[in-house]
Amino acid sequence: MPSLEHIANVIHVWLNNTFSPFWATLFEFVIVGTCIIGLFAMLGLVLIMMERKVSAWMQLRLGPNRVGPVGMFQTVADTLKLMVKEGMTPDGADKFLFNLAPFIAMIIAMVVMAPLMFAKNFQIWDINIGVLFFAAISSVSVIGILMAGWASNNKYSMLGAMRSGAQIVSYELSAGFAILSIVILTGSLRISDIVNSQADGWWIFKGHIPVWIAFVIFLIAVTAETNRAPFDLAEAESELTAGFHTEYSGMKFALFFLAEYVNIFVVCAVGATIFLGGWQPLHFGTGTKFNEIMDYIPSSLWFIGKTFFLIFVIMWFRWTFPRLRIDQLLNLEWKYLLPISMFNLLLVTLMAIMGWHF
Amino acid sequence: MFITKYIKEVFGGVKSLLTGMKLTGWYALHHKKEKITQQYPDNKDTLVLPERFRGEVVMIHDEHNEHACTGCTACELACPNATIKIITKFDITPEGKKKKALDTFVYHLDLCTMCNLCIVACPTDAIKMANTFEHSVYDRSKLLKILNNPGSKIREGIE
């Protein structure tokens, strides 16, 4: 079976043999862009379907089950509906920013995908500051939300956007500390180095308790960063109707919705990469029969499997936990997560210096 | 001490959240057996409603077309939103005495909140709550119902 790495190489060689290097690079840009947009659409359809089914199972409901076999085409039908709906712009809104905001939210979700390693040696951009790039760009997503909230000229949108700003800025810290603990253990910010350092065991197994704590903190922080329940104060259906996207309709609303789900995919992919070994298969010991069977599974499937496991966990959070108030949210970050993650970072540093990890 | 309280809080919080996750996780794994959604129009034939489900007020008639309503208007007085209107008449008994009896039991289904107070108030258990619930009609006047069957009369021995 040809691996994704193999296909990418064949295309690269063919383009460079056929065209000049400039045109070859340009065509590669176009191909990558098309693939990312395709992945976007697929993720939107699959993740929204998954969310609705998982929530239904956890609440002992059935979920969508009318459109297509077991409701498979429900999200396709929803997307078609949103595409043909009129995209309204309120009279009092700042027209330019109002129409720009959904695209900013989506473009940021796209850009964050650049350093992700989807399979063995299959990556858009192996940048040497991979995780820093992720941390930096994902916190820019708050600009799209603030822009939408401010330009809507609506008190609910404004409140939701301000809350979202406070939330993302706070939780960025503990997410950063959690990522930093793995960076300390690996000694590199490059995603491919982080993945390769886990060839003899994922960090969640090699790193003892401090890495588990970092993993849990990372999960909590990214749940807050993606504005999902139990931290969905930016949307807060019960208080702010829909928060920052109250005034949006049609395809512009769909872009926000899509960006939310793609953000979930991206943060879970990063979590899978730095804690669960990225595309590395599950190995116990060396040279055993079990390891050979695990190696037989393609690396892209390992990556997707781990990512979807984390997405399921985050959905599990959403449909189990009670929502927090804004003061409780900030208490949790500044009084609990931040001190714990700072102390934890010290522990990880000590562990890395003394070589206590496997 | 402050620090032990802090650590206890963290562990207590994590433990209670994990308890919740365990339950929802169990539900997600057993959703096929445990599901509570009724696929209503599809399962119309096999739909089983609980015995105490309150759909509408009906009057109990036996096989001789006799009911137990004495026309005492206790239900009309008990009704909080004037759903019931009882019209009485005077029967002449064989002894030649005049006796108050039910003429028409008018029931406005559109006003009824299924509060069950009329059934509780009835001294002779003449009315009950039925399980029927498909009450939608095209005309509002169809919701005004006469509960006593035409030609029905009170059962012997009910005072």
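Let me begin with a definition: rings of Phe, Tyr and Trp, the last by its six-membered ring, pair if their centres lie within 6.5 Å, and a pair counts as edge-to-face when the planes are over 60 degrees apart. By that rule, this model, which is a predicted one, has 21 aromatic pairs over all chains. In one of them, the rings of A:F22 and A:W23 have centres 5.5 Å apart and planes at 80°, so this pair is edge-to-face. A:F22 counts as exposed because its relative accessibility is 56%, while A:W23, with a relative accessible area of 44%, is partly exposed. Both residues also belong to one aromatic cluster, formed by A:W14, A:F19, A:F22, A:W23 and A:F27.

A second pair, A:W202 with A:W302, is edge-to-face as well, at 6.4 Å centre to centre and with 75° between the planes. This pair links distant parts of the chain, since A:W202 is in the loop between α8 and α9 of chain A and A:W302 is in helix α14 of chain A, 100 residues apart. Here A:W202 is buried, with a relative accessible area of 9%, and A:W302 is buried too, at 14%.

Let me turn now to helix α15 of chain A, residues 326-354, which has 29 residues and reaches 40 Å from its first C-alpha to its last, close to the 42 Å expected at 1.5 Å a residue. Where does α15(A) bend? The bend, of about 35°, is at A:L337, and a proline, A:P339, follows within four residues. After the helix comes A:G355, whose phi is positive, near 70°.

The buried residues of α15(A) include A:E333, A:L337 and A:S341, and what covers the buried residues of this helix includes α7 and α10 of chain A. Leaving aside residues up to four places away in sequence, A:S174 touches A:I217, A:A221, A:E333, A:L337 and A:S341.

Finally, chain B, which is divided into domain 1, residues 2-34, and domain 2, residues 56-154, with the C-alpha centres of these two domains 53 Å apart. In this chain, strands β3 (residues 84-92) and β4 (residues 98-108) run antiparallel and are joined by nine bridges; for example, B:K85 has B:V106 in β4(B) as its bridge partner. The two strands form a hairpin with five residues between them, and in the turn B:G96 has a positive phi of about 90°.

Notes: Residues are numbered from 1 along each chain as its sequence is written. Chains are lettered from A and ligands numbered from 1 in the order in which they are written. This is a predicted model: local features need pLDDT of at least 70, side-chain atom pairs count only at pLDDT 80 or more; totals for chains, interfaces and linings use all residues. Side-chain values use heavy atoms; hydrogens and water are left out. The expected span of a helix is 1.5 Å times one less than its number of residues. The bend at a residue is the angle between axes fitted to the seven residues ending there and the seven starting there. Buried means under 20% relative accessible area, exposed over 50%, partly exposed in between (1.4 Å probe, protein chains only). Contact means heavy atoms within 4.5 Å. Domain bounds come from an automatic or database domain assignment. Two strands pair if DSSP finds at least two bridges between them. Rings of Phe, Tyr and Trp (its six-membered ring) pair if their centres lie within 6.5 Å; planes under 30 degrees apart count as stacked, over 60 as edge-to-face and the rest as tilted.
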